[in-house]
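I opened my notebook to record, step by step, what I could look up in this structure.

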Amino acid sequence: MGEELLGRYPYFLTALLLVVGLYGMLGKRNLLKKLIGMTVFQTAIFLFFIQGATKQGATLPILDPRWGTDPARYINPLPHVLILTAIVVAVAITGVSFALVLTIYRSHGTLDEEAILEQGRKR
Amino acid sequence: MEAPFRLLVALAVSPVAAALIGLTGRHPNIREAWTLLAAAVKAGAVLSLLPEVLAGRTPTLTLLEISPGVSLAFRADPMGMLFALSASLLWVLTSLYSIGYMRGLGEAKQTRYFASFALCLWATMGIAFASNLLTLFIFYEILTIATYPLVIHKETPEAMAAGRKYLAYLLSGGLLLLLAVGLVWGLMGSLEFQPGGFLSGDLDRGSLLLLFLLFFLGFGVKGAVMPLHSWLPTAMIAPTPVSALLHAVAVVKAGVFGFARVVGFVFGQDLAAEVGGTPVALGLAGATILLSSLLALHQDNLKLRLAYSTVGHLSYIVLGTALLSPSAWVGALYHIVAHGALKITMFFVAGAIYVHTHRENVSELDGIGRQMPLTMGAFALVSVGLVGLPPLGGFVSKWYLGLGSVEAGEGLLLGVLLLSGLLNAAYLFPIVIRAFLAPSPDGHRYGEAPPLLVGPILGAGALALVLGLFPNPFFSLASRSGDVLLGGGG
Amino acid sequence: MLTRHPSPVVTTVARLLAPLIALFALYVVAHGHYSPGGGFQGGVLLAASTLLLRLALGEKDSAPAFPPSLALPMAVTGVLLYTVTGVVPLFLGGGYLDYARLPWPGAPAPLLRYFGILVVEVGVALAVWGTMVAIFDRLARGEG
Amino acid sequence: MAHLPVLVPVAYLLASFLSVLGGLWRDRLGYGIALGGAAAAALVSLWGLLLVLRQGTVHSFLGGWPPPIGIEYVLDPLAAFLASLVSALGVVALVYARPSVAREAPEKALLFYPVALLLLAGLTGIVVTGDLFNLFVFLEIASLAAYALLATGKGLSPLAAFRYLILGTIGGSFYLLAVGFLYFTTGSLNMADVAERLPPLYESRAVLAAAVFTVVGLGLKMALFPLHLWLPDAYTYAPSAVTGLIAPVMTKVMAYALIRILLGVFGLTYGVEVVPLLPVIGWLAMGGVLVGSVMAIAQTDVRRMLAYSSVAQVALVALGVALANPLGLVGGLLHILNHAFMKGCLFLVAGGVYYRAGVWGVAQYAGLGRRMPWTMGAFTLAALAMIGIPPTAGFFSKWYLVLGGIDAGHWPAVGVVLASTLLTAAYFFRVLEGVYTREPVPEVAAVGGSEPPLGMLVPTWVLGGGVLLLGLGNVLIVGRVLEQVARDLVGG
């Protein structure tokens, strides 16, 4: 049992980060803290992909004359490529969310969700 | 012209008219001309189909597929013809009357009124000629929606409340029907009407009974079978021509007609008897006949009294259908026509009195018969018919209904019919007596109503008389339908 | 609006560092198609060099190095470069991004693939560079 | 032409970037390019639909690499059907947007059209891609564009968009997580390939995790009850041109993605027999229909009412899928199409009313029937269709859903579909009563309130007329496209 847990520690770390991120996104009232939570959340998923690509005793997926084309010698490059794309997506989302946060701050003067809603109701 | 084309004309003329009415709403004369023209064309088209139907042919028209394996399709069989003919002939009279009534009262939003009216008649034709359940259902729902603007026509809070009640009742009824139609499709994979029914006898009895009750309740809402009737008296807030044509002929009859269609062409006599749903229908219909007559006795408002009377007479038709005996079937179908002509006359009279004197309560009608002799004379005549005495149309249908209940061995129901005849007399004759014999309370003398109102009254009254003296061709349509379904009658 | 950093140490180091970063970025872009690197990474580094100047010198003084109005058109041009390189083979009977079908007379397919991907990487680099700078400029000015 | 499927999203992308450049130079050029690109994409999609129906599914391999190595784009009947729907509605919305954006968000006009095209690129990309990860990328492109567009309104609009962004990102990330689990268990990202490799792995816990994350992630994106909380605010505060573009198609495409992955990749057996995913979705959907409709009745703002109604209607789509039989799926898919037209029309009407009368409130719609007869005529038609009055389109999706429910013997589902009719009637007749029987409120009477310009009225009626034609012609779509699709996905 203990060994099984140890063998899967990356999963648990991923899950932990996911939960931390989710808490930030849903539990915090400050919009910027929500964004921080979102970044943690996304990073957790990136790490999940990266750890899934690793192999014991393998190296970077660049053709090495010593190993030839033996797939066991190279880590799986595909998840890295996927995550590279996912990072681009995440950057774009973060950019848009920064823009949104700025707009909100300029029109409401606060980043506290409840306070903004209160203002919105009054108008 | 080919028969299918005439069938198409009979159907399509109304929506076209509705569109034209909407577009020419600013010119009342042109607008009313469209109504009259459409009514005339429709009646003509339906009449032109009559010889072929009487000759035993069934013109059909299939438009387009609306669900895989089910088409928007129509057929003019005797039963549908009977309903379509009565509705379209009475539309001509109602159109004339409407113009007199609406102008007499200076009503607002007449464009919406006439356009909705045209749409209602369109839906009624669709129901009459539908050759499968889905087509019937589609027009049934269109009828529900098209009648709504007429119910709320006055736009007073009471009218709006009546409209909501109307929608709540009828849309719910429509849902039961939709479920029933869906079940039929699920069970049989077909929705085409077949004389004698198309539901297979091998089906599980429980689901058949459920199906029968769903159909009964679904159509029963529109047919105002108690305890589903309460929208109808409320809807009497609509202008009188609406009450006359829709709440005595088209809408409510669509309910009972649909029920008859389902009993005859979906279940068939044998299966309907076997399933065991008919006692429910008979019981509720019988109770409705008596209760509504008793309630009618208490109504001082003339239109409400007529409305309760309508509730009762609709159940005559339900009763006749559910008796499953040839004579009762013929009587029920004939009552669709006969009651239509009788009741529309009565509503016309009520409306004429209202337009002319602004009175709507029975207690205010003392002596009015002497001032409006033609109007009240017609009322007196059709009262006799509605009670079921010769020589009017009501006698023919009640006679066959009575005969049918004897055939079916339901002596109790014969008693119900006779008792209700007495009750009819009890709530109708006092009106006539008051109108002609009681002294006028005030000195004000009213003359006869305007010709545009009196004309249709006399026309409808005459039709009711003709239906008693010369029952054909309606009677032969009814008995042909009975022949096809139940192998006998008349 | 960002202003010039008061310390000459910061401004000088930034001005020294920025071209080096940009140079390294070009190397990364150029190597992307057969070793680690590529348009995206290179583009981010290029953006980093620009942003370093922006942070140290402020928007006005860094404008000669990279005019703010250039960012959006550059980003769009980069994407177009990518997309057009992808679409051209489509009209020449190949698939989307099928570089072997690029219309370069006489060039063998492997060479076409080699340069096709390079063009795409350059497009990506431009797009990333432009986008990052555009986002930064807008946020720095406090626009949504 | 073998590469048709790629062309649609790429056409949008190209047009989007060109229209940025064009728009920087001349505002009208930017709009012209955007509209031209959208029209071209719509033509290509429709052509693709005809081609696919005649010749069968078209596969296209990016870069010439066949799957499972390369990314594959697939134009099958379902994809072609949805791509046509999305792109056709895109054209309608862009035509409408011109006057509407100029009125409601003039300062955002420059970037509106490129971002709208980006949204359409994302949506059509989701539709045509045959690759799980590529779907994620398009999902996020579409969502990003949607966040940006929805934030352009006034008042709480940016906050609503921000909340949508947070929840949408959770949804997208969950989906990405699901893709990760699928990739690590099957070693492939191609949908068809994964579908082939999955059956022996049905008992794996990783596959279960993938399925659950897919349902939750895409459920968030499609606003499946109880994950719909972002939707009402987002739709309420956005400019009408944006809702007119997003409301009809966005959640539907997400529903499509769910159908694709749940039925196409995991398969019916997995979703029903191995793990009761579809039944659970069914019960959630039933809750959504009821809650969404009841909430819609309680609203005083027309946009909010329509938004809650969308929650209910998307749930109807999900319900059709969850019935897991051909008739139910046909109903659900047909409802995607029908609801896009009905709800699009209603939102366009709301925008038209705001354009002329400056009001959003249900109560302030009073008396508009007389002042804007054509606009309100379209509203009435679409409202009747939403209720499900024959022969409008809405009736027929209800009809197939009821048939599907009966076929499955799923009586609660049948009851919910029927009950939704009454609830929908309740909130629409509330509006219609006021529109046709009351006098205009003073603020409306003061500004007049005539018909909106033709640029808005024509798109509104294109959708309104579509509601009627789609009803009468539903067999054309059901018989030629949907029945085949439903057979392929759920058998029978």
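**Entry 1: a helix and its buried side**

I began with helix H8 of chain D, whose buried residues are Val207(D), Ala210(D), Ala211(D), Phe213(D), Thr214(D), Val215(D), Gly217(D), Leu218(D), Gly219(D), Leu220(D) and Lys221(D). I call a residue buried if 20 or more other C-beta atoms lie within 10 Å of its own, exposed if 12 or fewer do, and partly exposed in between, with the C-beta atoms placed from the backbone. The model is predicted, and local features need pLDDT of at least 70, while side-chain atom pairs count only at pLDDT 80 or more and totals for chains, interfaces and linings use all residues. I number residues from 1 along each chain as its sequence is written, and chains are lettered from A, and ligands numbered from 1, in the order in which they are written.

Helices (H or I, at least four residues) and strands (E, at least two) are DSSP runs numbered from the N terminus. I noted that H8(D) covers residues 205–221, which is 17 residues, and reaches 24 Å from its first C-alpha to its last, close to the expected 24 Å, where the expected span is 1.5 Å times one less than the number of residues. Its buried residues pack against H5, H6, helix H10 (240–266) and helix H12 (277–298) of chain D. Just after H8(D), I found Ala223(D) with a positive phi of about 60 degrees.

**Entry 2: the contact with chain A**

I then looked up where chain D meets chain A, counting two residues as in contact if their C-beta atoms, placed from the backbone, lie within 7 Å. This contact takes 22 residues from chain D and 25 residues from chain A. On the chain D side, helix H5 (132–150) and helix H6 (157–186) are the elements that give two or more residues, and H6(D) supplies the largest share, 13 residues. That side divides into 17 nonpolar, 4 polar and 1 charged, where Ala, Val, Leu, Ile, Met, Phe, Trp, Tyr, Cys and Pro count as nonpolar, Asp, Glu, Lys and Arg as charged, and the others, Gly among them, as polar.

**Entry 3: one residue in H5**

Val137(D) is placed in helix H5 of chain D, and I asked why Val137(D) counts as buried. The reason is that Val137(D) has 22 C-beta neighbours inside 10 Å. Leaving aside neighbours within four places in sequence, Val137(D) is in contact with Thr85(A) and Val89(A).
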